[in-house]
Amino acid sequence: MAKPQSAADLSGWIGDHTTALVGIPLRIALIVAGLIVVRIVAKKAIARVVQHILEPSENENDAEQTVSRPSGRGPTLLQRDRTYARQRREQRARTIGSVLGSAVTIVLFMIGAAMVLGEVGIALGPLLASAGVVGLAIGFGAQSLVADYLSGLLIMLEDQYGVGDSVDLGEAVGTVEHVGLRLTHVRDLNGGLWHIRNGEILRVRNDSQEWARAVLDVAVAYEANLDTVYRVLEETGLALRKDPSFKGLLLEDPSVWGVQSLDADGVLVRIAVKTVPLEQWAVTRELRRRTKEALDAAGIDIPFPQRTVWLRSDDQGSELGAVPTQR
């Protein structure tokens, strides 16, 4: 019959296992507490980053302070929905905040799990090797998905484009309606909605960043005096910029660049001006309308395409000559 364990033996066993009974749980608790503190600090830092992204830029503040324009065909076309800028900032901030928060949580969890397993005496080598093999297999199977997410994250971090921007992504040309980590949605001119994987976007032309340029090519007859044409175009451009209905849309005085080409039907003269983003097309339409009126008032003809008609005699069948006509 076994003797009951004495108090001395029990105290000795407790003394021998004090580290396992007290030290290990205490260290694990300290690890968990430290990770929680780091997570709270990181969350506050991410919140500050998101708040910084949500703050409107100076250009957007200037645009919001632009004087309202009266009704009319030209000015109405120039009115832009400023909610696009807010939607872009909010979407970008939410996505970046969510990605950063998830990344910090995952990293801290993995570090904490590794430290806790090390404290309880579980070897990490075989686990890390197994996780590496599984991760490699998943990476090969979902490499396109990983590329999409990485590309989407870089697009947002670098602010290549956002909601409301007018972009050219190759076959898809139109206005961006949504930017996600995996897909970008673009609405084209005909109303079609394009779904483009971010990993397949190789190049982007953004017509909405910082500034744009309205370019107008005006054809005049060869008989027109080019100095007069230059003067009419400059006066028309300056009048457009001084118009209160277009205040803030033109960033500089319009500039006549000169003769762009000598075509068969006339001389092509180019005028250009910097504008705020997404307003270049509306400014070009209004400038084209005013240029037509100014050229008519100055008596400068806009040439028509020329066509030559050959006439033959009905009796002898011989050529009588060529008569230029207009169509």
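Analyst: Two strands pair if DSSP finds at least two bridges between them. Helices (H or I, at least four residues) and strands (E, at least two) are DSSP runs, numbered from the N terminus. The model is predicted, with local features needing pLDDT of at least 70 and side-chain atom pairs pLDDT 80 or more, while totals for chains, interfaces and linings use all residues. Residues are numbered from 1 along each chain as its sequence is written, and side-chain values use heavy atoms, without hydrogens and water.

User: Thanks! How many helices and strands are there in the protein chain?

Analyst: The protein chain has 9 helices and 10 strands.

User: What is the order of the open sheet of 3 strands?

Analyst: The order is β6-β8-β7, and the pairing is antiparallel. Its edge strands are β6 (212-220) and β7 (255-262). From one strand to the next, the twist averages 25°.

User: What makes β6 and β7 edge strands?

Analyst: Each of β6 and β7 pairs on one side only.

User: How do you know that β7 and β8 pair?

Analyst: β7 and strand β8 (residues 267-275) share 6 bridges and run antiparallel. The rule asks for at least two bridges, so they count as a pair. Within this pair, V259 has V269 of β8 opposite it.

User: What lies across β6 and β8?

Analyst: Helix α9 (residues 280-298) does, at about 25° to β6. Angles run from 0 to 180 degrees between N-to-C directions, with axes fitted to C-alpha atoms, for helices over the stretch in contact.

User: What makes S166 count as buried?

Analyst: Buried means under 20% relative accessible area, exposed over 50%, and partly exposed in between (1.4 Å probe, protein chains only). S166 has 12% relative accessibility, so it counts as buried. This residue lies in strand β1 (residues 166-168). Contact means heavy atoms within 4.5 Å; leaving aside neighbours within four places in sequence, the contacts of S166 include G174, D207, L278 and W281.

User: And why is I155 called buried?

Analyst: I155 is at 4% relative accessibility and therefore counts as buried. I155 sits in helix α7 (residues 143-158). Not counting residues up to four places away in sequence, I155 touches Q160, Y161, V179, N198 and I201. I155 and R92 are 63 residues apart in sequence, and their C-alpha atoms are 9.9 Å apart in space. Across the protein chain, 29% of the 327 residues count as buried.

User: V179 came up there. Which residue stands opposite V179 in β3?

Analyst: T184 in β3 stands opposite V179. Strand β2 (residues 173-179) and strand β3 (residues 183-188) pair in the antiparallel sense over 5 bridges, and H178 has H185 as its bridge partner in β3. The hairpin formed by β2 and β3 has 3 residues between the strands.

User: Which order do the strands of the open sheet of 5 strands have?

Analyst: The order is β4-β3-β2-β1-β5, again with antiparallel pairing. The edge strands are β4 and β5 (205-206).

User: What makes K274 a charge over the ring of W211?

Analyst: The rule wants NZ of Lys or CZ of Arg within 6 Å of the ring centre and within 35 degrees of the ring normal. K274 lies over the face of W211 at 4.1 Å from the ring centre, so the distance is within that limit.
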